[in-house]
Amino acid sequence: MKKNIFKTIILGFGAAALVSCGGSGSGDKQAAQAAQAAAEVTHNVEVVSASYSQVPQQSSYSSTIEAFAVNNIAPQSAGRIRKINAEVGDYVVKGQVLAEMDRVQLEQLKLQLQNDSTEYSRIKTLFQQGGVSQSDFEAVELAYKVRKTNYNNLLENTVLRAPITGFVTARNYDQGDMYSMAQPLFTVQQVLPVKLLVGISESEYTKVKKGDKVEITVDALPGRTFTGSVNRLYPVIDPATHTFQAEVLVPNADRLLRPGMYARVTVTFGVNRSIVLPDQAVVKMEGTGQKYVYVVNDKGTVNFIPVELGVHNGFNYEILSGINEGDVVVVKGAAALKEGAKVKVINK
């Protein structure tokens, strides 16, 4: 009886083992069939033939528009403001009278100058006739010239004129105020042209030259693009930011650009002849910074090709290395592909 029970147990384990082995073989077979089926799937793709193109080498930077020149206008000494002739926002031209100070001292000095002028003329005539010595004549001449210089200086500080053409951006006193020398009466900023100081990466230091053309866009004027040029390159590199300053001038003939506007500056360093592909052809490998494309070979399958990218211009990438001219590159349907996948080109 015990012997029969022992045989039954052995037979049971044997049957279970057979079932287990049969199940494992069936699973492996199904997995293999699924892999084979996946390998036989043909993916519809659209492709483009890689070709060379002229690629502008551009970089974009942020900057702020500045006035070409800023002048603070004030008299040399304190005094009563007799008249104000300009307001904030006025566009003034060089030489235009902006304000007049009290003229009492000016009128007094003018009378003294007229008297000195008459005396100088009289002494000059006597000197020419031999009536006075040369030293006496030179003393009178010197006094006259000093008085005239003082008068011109006081005139310049009594009748205040715009030294540049531009907008009045500040007026700190009213008519009748006593100018206290604490602030300038006016600030005038020249906006023809305007300038921008652009911090450019030190890696581009040898590529930027005086006269290079740049494009400027501003948020305040959407849809407008302005053209400027590099006017000056600063000779030092900031050790903290590893950038150097380039001064860009923009003609601004229509006076639309104003100091303080936020701007984006695109600098062109030259043109390369490179292969160009649509940016949707470039796929990023998950978890890395590697970029790659799928190239269709003669067998109708694809090869996974890493590439080195250059500039991104609009909807295209410059390809620096990885593929050659004439390679057939997948531009649509790449997301579902793997190395060796079968494809069918559906675009004409």
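**The open sheet and its surroundings**

A: In this predicted model, strand 3, which covers residues 79-84, is joined to strand 8 by two bridges, and the two strands run antiparallel. One of the residues involved is Gly79, whose bridge partner in strand 8 is Tyr179. This pairing belongs to an open sheet of four strands, which follow the order 6-5-3-8 with antiparallel pairing. Strand 6 (159-161) and strand 8 (178-179) stand at the edges of the sheet, and because each has a single partner strand, one side of each is left without a neighbour in the sheet. Helix 3, formed by residues 134-158, packs on the sheet, where it touches strand 5 (97-101) as well as strand 6, and the direction of helix 3 makes about 70° with that of strand 6.

As for the chain around this sheet, its secondary structure comes to three helices and 19 strands. Of the contacts in the chain with a separation of 6 or more, 72% are between residues 24 or more positions apart. Buried residues account for 30% of the 348 residues, while the accessible surface of the chain comes to about 21000 Å², with 52% of that area belonging to carbon and sulfur atoms.

Asn324 is exposed, with a relative accessible area of 54%, and, leaving aside residues up to four places away in sequence, it touches Ala50 and Ile275.

Key
Residues numbered from 1 in each chain as written. Predicted model: local features only at pLDDT ≥ 70, side-chain atom pairs only at ≥ 80, totals over all residues. Heavy atoms only, no water. Buried < 20%, exposed > 50% of the residue type's maximum accessible area, 1.4 Å probe, protein only. Contact = heavy atoms within 4.5 Å. Areas by Shrake-Rupley, 256 points an atom, 1.4 Å probe, with all protein chains shown as cover. Pairing = 2+ DSSP bridges. Axes fitted to C-alpha atoms, helices over the stretch in contact; angles between N-to-C directions.
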